[in-house]
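Subject: Structure handover

Hi,

Here is the structure I promised to pass on. Please open it alongside the notes below.

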Amino acid sequence: MIEFDRFTLKNGLKVIVHQDKSTPMACVNILYDVGARDEDESKTGFAHLFEHLMFGGSINIPNYDEPLQLVGGENNAFTTNDITNYYCTVPSENLETAFWLESDRMLSLAFTDKSLEVQRSVVIEEFKQRYLNQPYGDVWLLLRPLAFKNHPYKWATIGKEISHIETAVMGDVKEFFKKHYHPANAIMVVAGDVELKHVKELAEKWFEPIDAQPTTKRNLPLEQKQTESRELTVHKDVPANAIYKTYHMCSRLDDNYYATDVLSDILSRGNSSRLYISLVKDKQLFSEINAYVSGDFDPGLFVVSGKLNDGIDVKVAELAIVEELEKLKNESVSDDELQKCKNKVESSITFSETDVLTKATNLAISELLGDANEINNEIEKYNKVTKDKLRTVANGIFQNSNCSTLYYLKNK
């Protein structure tokens with residue numbers, strides 16, 4: 001049970017406070033309700049660009065990292081298609097330094113030509129290194145537009161194409177910041193060796209003076225139901241052939257989400273999972289294989305991906321995957337298999353709650369999804385998943401007409 005308090009500042013900033021006296025550290029996590037799905041299709045990669053720009057200094061503090069490092073702190077951030085999340089940890093006695101730094105860049109990020117040019121170069125280099133010049137790096141640049149035709153999940157967080165970052169102009173950057181990076185569009189979680197009264201004083205001192213701004217109502221195009229299978233074959237300079245099969249699934253908020261996640265665990269969580277035993281160990285078709293859910297806030301994807309052993313026919317390997325999915329549609333999983341899976345989920349959730357940073361991030365995400373207290377109901381929701389529910393969900397998802405397949409083959 002993760003206990004917490006919460007309050008909202010006059011400018012709309014939601015604040016959650018979780019006290020954990022077992023650590024001498026404090027974590028300040030600020031989640032902005034903006035991700036790659038909120039971008040203009042002709043100007044993608046902006047949310048991720050801001051992940052970098054936010055460390056480029058503010059008008060009052062030209063170097064974000066230096067003051068934090070002087071008080072023994074660390075920081076980082078991540079961007080998804082749904083959110084952008086910034087966090088820093090400091091010894092709890094230096095908590096105010098984190099408030100000073102985070103509030104200042106929310107209030108007055110430095111929009112200089114130099115900062116934009118530096119961070120633009122960093123992002124372009126990341127695009128090249130991680131997505132264009134690395135084996136299998138461009139998988140999601142290919143898969144997303146194959147699986148999604150309408151919804152902005154059709155591009156990756158790095159951006160649809162590198163030219164969108166190369167041609168980003170200051171006016172567009174400032175407009176994106178003004179629209180999304182303000183108190184009413186953020187949730188701040190302060191966790192660790194902290195006191196509610198002290199956090200409230202610091203929040204009112206450092207964040208409440210930031211002007212309130214209206215939030216923008218999200219109105220994204222809906223993805224139409226996929227009615228026929230899609231395929232894409234590419235040949236690249238990679239060491240092994242690979243298959244990526246994606247199936248449309250429910251959103252993170254849907255009642256079927258937990259059963260869908262359990263299905264992915266039954267298929268590929270650990271060396272006793274179905275895909276590993278059948279396709280890696282017994283049939284030796286794959287050197288590695290995984291199944292996972294995207295966990296998106298809007299309807300997302302169930303993914304099965306694997307790298308083939310040398311000499312294995314791609315169609316034979318694919319048929320073996322489909323056979324395993326058909327078993328989930330036609331046969332009930334055993335009580336032992338389901339319970340083992342639930343036990344792993346419970347231990348994973350419980351273990352994650354020992355880390356103050358993970359707790360802070362998960363509290364923020366749960367609050368954005370509707371209620372931070374739902375973090376305390378996760379295990380129960382997984383435990384409610386039944387064998388019948390698994391079969392129902394499997395039959396809804398694992399249809400050929402709902403599948404997009406990428407054949408990622410090595411050059412001959």
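Predicted model: local features only at pLDDT ≥ 70, side-chain atom pairs only at ≥ 80, totals over all residues.

**Helix packing**

Two packed helices are described by the angle between their axes and the distance between the axes. Take helix α1 (residues 46–53) and helix α4 (residues 113–132). They pack at an angle of about 120°, and their axes are 9 Å apart.

On the α1 side, the contact residues are His48, Leu49, His52 and Leu53. They meet Ser115, Leu116, Gln119, Arg120, Val122, Val123 and Glu126 of α4. By class, this contact has five nonpolar, four polar and two charged residues.

**Salt bridges**

Side chains of opposite charge can pair when their charged atoms come close. The cut-off used here is a side-chain nitrogen of Lys or Arg within 4 Å of a carboxyl oxygen of Asp or Glu. By this rule the model has 31 salt bridges.

Start with Arg218. This residue pairs with Asp33, at 3.0 Å from N to O. Asp33 sits in the loop between β3 (25–32) and α1, while Arg218 sits in the loop between α8 (196–206) and β7 (230–236). The two are 185 residues apart.

Arg218 also forms a salt bridge with Asp38, where the closest N and O atoms are 2.7 Å apart. Asp38 lies in the loop between β3 and α1, so this pair ties together parts that are 180 residues apart in sequence.

Arg218 is partly exposed, at 30%.

Next, look at Lys245 and Glu318. Their closest N and O atoms are 2.6 Å apart, in a salt bridge. Lys245 belongs to strand β8 (residues 242–248) and Glu318 to helix α11 (residues 314–330). The pair links distant parts of the chain, 73 residues apart. Lys245 counts as buried at 3% relative accessibility. Glu318 counts as buried at 11%.

Last, a network: salt bridges link Arg6, Glu367 and Asp371.

Best wishes

Methods: Residues numbered from 1 in each chain as written. Heavy atoms only, no water. Axes fitted to C-alpha atoms, helices over the stretch in contact; angles between N-to-C directions. Helix = DSSP H or I, 4+ residues; strand = E, 2+ residues; numbered from the N terminus. Contact = heavy atoms within 4.5 Å. Nonpolar A, V, L, I, M, F, W, Y, C, P; charged D, E, K, R; others polar. Buried < 20%, exposed > 50% of the residue type's maximum accessible area, 1.4 Å probe, protein only.
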